[in-house]
Amino acid sequence: MLTFMASDSEEEVCDERTSLMSAESPPPRCCQEARQGLEDGENAAQWRSQDSEEDLDDADRYVCSGVPGQPLGLEEELTLKYGAKHVIMLFVPVTLCMIVVVATIKSVRFYTEKNGQLIYTPFTEDTPSVGQRLLNSVLNTLIMISVIVAMTIFLVVLYKYRCYKFIHGWLIMSSLMLLFLFTYIYLGEVLKTYNVAMDYPTLFLTVWNFGAVGMVCIHWKGPLVLQQAYLIMISALMALVFIKYLPEWSAWVILGAISVYDLVAVLCPKGPLRMLVETAQERNEPIFPALIYSSAMVWTVGMAKLDPSSQGALQLPYDPEMEEDSYDSFGEPSYPEVFEPPLPGSPEGELEEEEERGVKLGLGDFIFYSVLVGKAAATGSGDWNTTLACFVAILIGLCLTLLLLAVFKKALPALPISITFGLIFYFSTDNLVRPFMDTLASHQLYI
Amino acid sequence: MTAAVFFGCAFIAFGPALALYIFTIATEPLRVIFLIIGKASEGLKSINPDETAPSMRLLAYVSGLGFGIMSGVFAFVNTLSDSLGPGTVGIHGDSPQFFLNSGAYPLIEKTRLNKTFMTLVIILLHVFWGIIFFDGCEKKKWSALLVVLLTHLLVSALTFISPHYGINLVSTYIIMVLMGIWAFFVAGGSCRSLKFCLLCQDKDFLLFNQRSR
């Protein structure tokens with residue numbers, strides 16, 4: 001799921017929307033909510049991470065711009081530039097995650113060997129007939145999706161009844177497992193592949209340091225770049241686990257089903273994620289940052305209070321203790337915005353309080369994008385052509401989703417468009433384009 | 001075969017494209033989006049109503065580069081990855097020495113070199129074709145469109161004369177130079193501006209100083 005991190009200057013938001021649709025003034029309802037939503041200044045969005053163990057949901061806050069009738073020229077430019085910058089801010093981590101996964105798949109043989117299946121996919125695909133195999137993969141998918149739905153509903157219930165300690169403990173347990181156990185396995189396999197000897201004390205030291213710093217960065221405070229890097233790494237590790245343990249056809253059917261579920265859960269009024277988001281919105285709380293990738297960098301600054309250029313890469317400290325009174329969630333512009341009136345948007349005013357708005361993307365989206373590309377790399381017989389086609393497809397989908405986010409200004413599922421494109425590109429490239437390109441290449445023909 | 005071969009071929013084939021990307025596109029996020037979306041950027045044009053000619057040229061350049069990179073990558077990347085592979089071409093466990101002596105090795109090398117340079121010239125050609133084509137569409141110069149199409153077909157047809165790599169490459173490069181000159185003049189350059197650029201006298205003509213959107 002995709003989220004905008006709010007900027008406080010709502011007229012930019014207005015122009016972003018109007019510049020993409022038409023120059024209409026926003027409905028008055030938006031203005032009301034904008035005043036309410038000023039405390040966190042976050043542009044609403046939900047995002048969701050799809051972990052196999054847990055589902056996270058994000059607070060949904062609706063921010064609309066308040067002031068219509070701005071000179072459209074300069075602000076359109078700025079918002080387009082900001083919008084484009086958001087897209088790039090997400091291209092880079094998604095690309096990095098996919099590169100890590102594909103590089104590992106291509107070099108470390110462990111992740112392409114079949115060594116059993118998860119308990120979530122109990123039906124085997126080693127069946128004599130195609131129909132049986134298809135049936136088994138569909139059943140696997142149903143079980144997996146029901147597990148995910150059950151976890152999501154459980155999480156929603158926990159959140160509704162304010163069992164924050166439990167949720168927090170759950171998140172810590174799962175990041176512990178990712179950061180220590182999966183890293184240990186990954187490191188072991190990489191060392192085996194390259195035939196590098198490492199003694200146990202060194203290994204222990206390395207894994208311990210990596211994991212401990214990761215826990216601190218993700219759940220407490222740390223430099224933004226380091227936190228982003230850790231989130232990318234754990235997404236890649238999780239994707240590798242999925243690629244290894246999901247059988248062939250089940251993986252593709254699961255990808256398709258997850259996109260449909262994402263669409264339903266985020267957009268339907270009674271969807272669990274939407275309910276979670278609305279609950280968080282009522283309580284004005286941010287949601288669990290441990291499983292969200294956030295690209296925001298600096299605070300929003302008040303009007304002429306602070307020099308934006310001096311902010312540099314200040315990191316907003318994240319307070320993990322979910323006290324109900326003081327929230328200072330990670331990466332979100334915080335209190336200085338509360339006292340900021342909606343600006344009448346002179347261009348100098350805008351630039352002065354030019355903050356780095358960011359976008360948030362759930363880690364589950366990272367994971368499933370990487371699963372798709374990794375599976376293409378692992379099984380697509382067209383080698384790199386198929387992988388590259390899927391990679392481009394996912395980026396196109398992400399770009400379109402971000403465009404829609406700019407248009408609709410609410411939480412959007414990030415999976416459906418990208419995964420649909422990815423699946424279409426995978427199957428068409430593998431079956432139509434690859435034989436063609438292979439024949440061309442073998443005869444050195446260029447078209 | 002070796003890392004040297006891999007990097008050498010990779011940089012020959014993709015070096016100019018990468019340089020073009022780094023110096024002209026990577027700094028501007030909007031251009032990156034145009035690169036990825038390519039033809040779909042027609043829709044994005046509608047959100048940029050103030051821009052007229054400069055952004056069309058930019059769009060043409062970026063689209064051409066995008067198409068060129070994609071076609072180059074698709075054509076060449078499997079060869080690249082093979083060159084990183086085990087290097088034993090004899091799949092039945094023949095020693096490389098045997099293979100070297102059998103006389104097939106030079107052909108593989110020639111093939112790979114031909115592919116490398118063809119990829120390079122194809123990428124550049126796509127960039128120039130993009131610029132000329134977009135300009136032709138905009139100014140309704142159908143002759144330009146026709147010439148672009150015909151030269152595209154000509155270059156492809158030239159690759160059919162497969163083992164004669166020399167003629168193939170040289171003629172394709174000549175076509176590329178001609179297209180490049182044409183695209184330069186289409187994009188608004190002139191002999192004077194070229195002189196200024198080469199003598200670094202006029203900063204406005206340096207591409208990365210252009211603040212066109």
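Colleague: Where is B:Ser71 found?

Modeller: This is a predicted model. In it, B:Ser71 sits in helix H4 of chain B, residues 53–83.

Colleague: What share of chain B is buried?

Modeller: 43% of its 213 residues. As for contacts in chain B between residues at least 6 apart in sequence, 74% join residues at least 24 apart.

Colleague: Let's do another serine. Where does B:Ser156 lie?

Modeller: B:Ser156 lies in helix H7 of chain B, residues 142–158. B:Ser156 is buried, at a relative accessible area of 12%.

Colleague: What is B:Ser156 in contact with, beyond its neighbours within four places in sequence?

Modeller: A:Tyr446 and A:Ile447. Those two belong to chain A.

Colleague: Over to chain A, then. How many helices and strands there?

Modeller: Chain A has 14 helices and five strands. Of its 447 residues, 57% count as buried. Take the contacts in chain A between residues at least 6 apart in sequence: 80% of them join residues at least 24 apart.

Colleague: Pick a helix. What span should H4(A) have at 1.5 Å a residue?

Modeller: H4(A) runs over residues 130–160, so its 31 residues should span 45 Å. The end C-alpha atoms are 45 Å apart, which agrees.

Colleague: Which residues of H4(A) are buried?

Modeller: Quite a list. Among them are A:Asn136, A:Ser137, A:Asn140, A:Thr141 and A:Met144. Further along, the buried ones include A:Leu155, A:Val156, A:Leu158 and A:Tyr159.

Colleague: What follows H4(A)?

Modeller: A:Arg162, with a positive phi near 60 degrees.

Colleague: Where is A:Phe210?

Modeller: In helix H6 of chain A, residues 200–219. A:Phe210 is partly exposed, with a relative accessible area of 21%.

Colleague: Leaving aside its neighbours within four places in sequence, which residues is A:Phe210 in contact with?

Modeller: A:Leu179, A:Thr183, A:Tyr230 and A:Met233.

Colleague: Now helix packing. At what angle do H8(A) and H12(A) pack?

Modeller: About 155 degrees, with the axes 11 Å apart. H8(A) covers residues 248–267 and H12(A) covers 363–379. That angle makes H8(A) roughly antiparallel to H12(A). Their crossing is left-handed.

Colleague: Which residues make the contact?

Modeller: From H8(A), they include A:Trp252, A:Leu255 and A:Ile258. From H12(A), they include A:Phe368, A:Val371 and A:Leu372. By class, the contact has eight nonpolar, one polar and four charged residues.

Colleague: How about H13(A) and H14(A): what angle and axis distance?

Modeller: About 150 degrees, with axes 8 Å apart. So H13(A) is roughly antiparallel to H14(A). H13(A) passes H14(A) in a right-handed crossing.

Colleague: Which residues meet there?

Modeller: On the H13(A) side, they include A:Ala389, A:Ala393, A:Gly397 and A:Leu404. On the H14(A) side, A:Phe421, A:Gly422 and A:Phe425 are among them. The tally by class is 13 nonpolar, seven polar and one charged.

Colleague: Why is H13(A) described as largely enclosed by the rest of the structure?

Modeller: Because 18 of its 25 residues are buried. H13(A) spans residues 384–408 and reaches 36 Å from its first C-alpha to its last, close to the 36 Å expected at 1.5 Å a residue.

Colleague: And what comes just after H13(A)?

Modeller: A:Lys409, which takes a positive phi of about 60 degrees.

Conventions:
Residues numbered from 1 in each chain as written. Chains lettered and ligands numbered in written order. Predicted model: local features only at pLDDT ≥ 70, side-chain atom pairs only at ≥ 80, totals over all residues. Heavy atoms only, no water. Helix = DSSP H or I, 4+ residues; strand = E, 2+ residues; numbered from the N terminus. Expected span 1.5 Å × (residues − 1). Buried < 20%, exposed > 50% of the residue type's maximum accessible area, 1.4 Å probe, protein only. Axes fitted to C-alpha atoms, helices over the stretch in contact; angles between N-to-C directions. Parallel < 35°, antiparallel > 145°, perpendicular 65-115°, else oblique. Left-handed = near helix turned anticlockwise from the far one by under 90°. Contact = heavy atoms within 4.5 Å. Nonpolar A, V, L, I, M, F, W, Y, C, P; charged D, E, K, R; others polar.
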